[in-house]
Amino acid sequence: MSIERKDEYDHGEWMQKKELTPVETTFLTALIWMDKRFRIVDYLEILETLYYRVNMQMPKSHTEQYNLDNKFWYWYPLYALGSFSTIAYVVAALSGALLGFYYAPGTVSATGDASLAYNQLVFIMTDLNFGFMLRSIHRWAAQVMVAAVFLHMLRVYFTGAYKEPRELNWILGIILISLTMVFGYSGYLLTWDQLAFWASQIGVEMSLSIPLIGEWVAQLVFGGFSPGAATLQRMYIMHVFLLPFVVTTLIAVHIAIVWIQGIAEPH
C-alpha cells in the first residue's frame with residue numbers, strides 16, 4: 001500500500017479527454033506543475049474574488065449612474081496629466097539607466113582640473129554616439145514629469161477629486177510630488193559642476209536649519225556639513241537605487257487605487 005496522498009483530481013486523465021493543442025497542453029502542464037508546488041490556482045481564485053467584490057461594492061460613476069454614452073471628457077487634456085507624468089517617468093527611467101553605463105560618481109579626476117563626474121558628463125555630451133540626445137531626453141523627460149505632476153495635483157485639487165473616498169490617493173500624490181522634487185534635486189547634483197556644488201551647499205544649509213535634528217539630517221543626507229565626495233555618493237545612491245524602487249512602488253499603488261475607485265468625473 002502506498003503512503004503517498006492520492007491526488008483528488010487526475011489531471012493527466014482529464015487532459016487526455018480534452019482535445020488540446022500543443023500550446024494548450026504545454027501551458028496546462030506547466031500550470032499544474034506550478035500549482036502542486038506553489039498553489040498558484042488558489043491565489044488566482046483569491047484575486048478573482050477580490051476583484052469582483054471590489055467592483056460590486058464601489059458606487060457607480062457619474063457616467064454609469066445617468067447612462068451617459070458620451071464620455072468625451074476622458075480626453076480632456078487635464079485628465080491625461082496622470083498618464084502623461086507616468087510616461088515621462090518611464091522615459092526618464094529608461095534613458096537614465098542607459099546613462100548609468102557611462103557615468104561614475106567621483107569628485108576627483110586623474111587630471112585634477114575637474115571632477116570625475118563632470119568629465120564623464122562631458123564625454124557623454126561630446127564623444128559618446130547619441131550621448132547628447134540621450135542626456136537631453138533624460139533631462140527633458142524629468143522636467144516634463146515635474147510639470148505634469150504639479151499640474152495633475154492642481155487639477156485634482158480644483159475638481160475636488162481629493163475628497164472622500166479618494167483622500168488616501170491624494171496623500172499618496174503629495175508624497176509622490178515630494179519624491180519627484182527629491183528626484184530632480186539629486187539628479188541636478190550628479191553633474192558636480194559649480195552649479196551642482198553650490199546647490200548642494202544650499203541643501204546642507206537648509207538641513208542645518210531644521211530644529212533639533214538639523215545636524216543629524218545634514219550628516220545623513222549630505223555626508224557632513226560641507227559638500228564633498230560623500231555628498232555626491234549619497235545623491236547617486238539616492239537617485240539611482242533608492243528613489244526608483246520607492247517611486248515605482250508608490251506609482252503602482254496609486255494607479256491601482258485609481259483603477260479600483262475610478263476617475264473622479266467632472267459634474
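I start with the term I need: a residue is buried when its relative accessible area is under 20%, exposed when over 50%, and partly exposed in between. The model is predicted.

Entry: ring search. I searched the whole structure and got ten aromatic pairs. I followed up two of them, starting with Tyr 157 and Trp 170. Their ring centres are 6.5 Å apart, and the planes make an angle of 35 degrees. That pair is tilted, because only plane angles over 60 degrees count as edge-to-face and only those under 30 as stacked. The pair links distant parts of the chain, 13 residues apart. Tyr 157 sits in helix α7 (residues 131-158), and Trp 170 sits in helix α8 (residues 167-189).

Entry: accessibility of this pair. Tyr 157 has 45% relative accessibility, so I logged it as partly exposed. Trp 170 has 21%, so Trp 170 is partly exposed too.

Entry: second pair. I then looked up Tyr 185 and Phe 222, which form an edge-to-face pair. I noted 6.5 Å centre to centre and 80 degrees between the planes. Here, too, distant parts of the chain are linked: Tyr 185 is in helix α8 and Phe 222 in helix α10 (residues 214-222), 37 residues apart.

Is Phe 222 buried or exposed? Its relative accessible area is 4%, so Phe 222 is buried.

Entry: clusters. I checked the grouping around Tyr 157. One aromatic cluster is formed by Tyr 157, Phe 158, Tyr 162 and Trp 170.

Conventions: Residues numbered from 1 in each chain as written. Predicted model: local features only at pLDDT ≥ 70, side-chain atom pairs only at ≥ 80, totals over all residues. Heavy atoms only, no water. Phe/Tyr/Trp six-rings, centres within 6.5 Å; stacked < 30°, edge-to-face > 60°. Helix = DSSP H or I, 4+ residues; strand = E, 2+ residues; numbered from the N terminus. Buried < 20%, exposed > 50% of the residue type's maximum accessible area, 1.4 Å probe, protein only.
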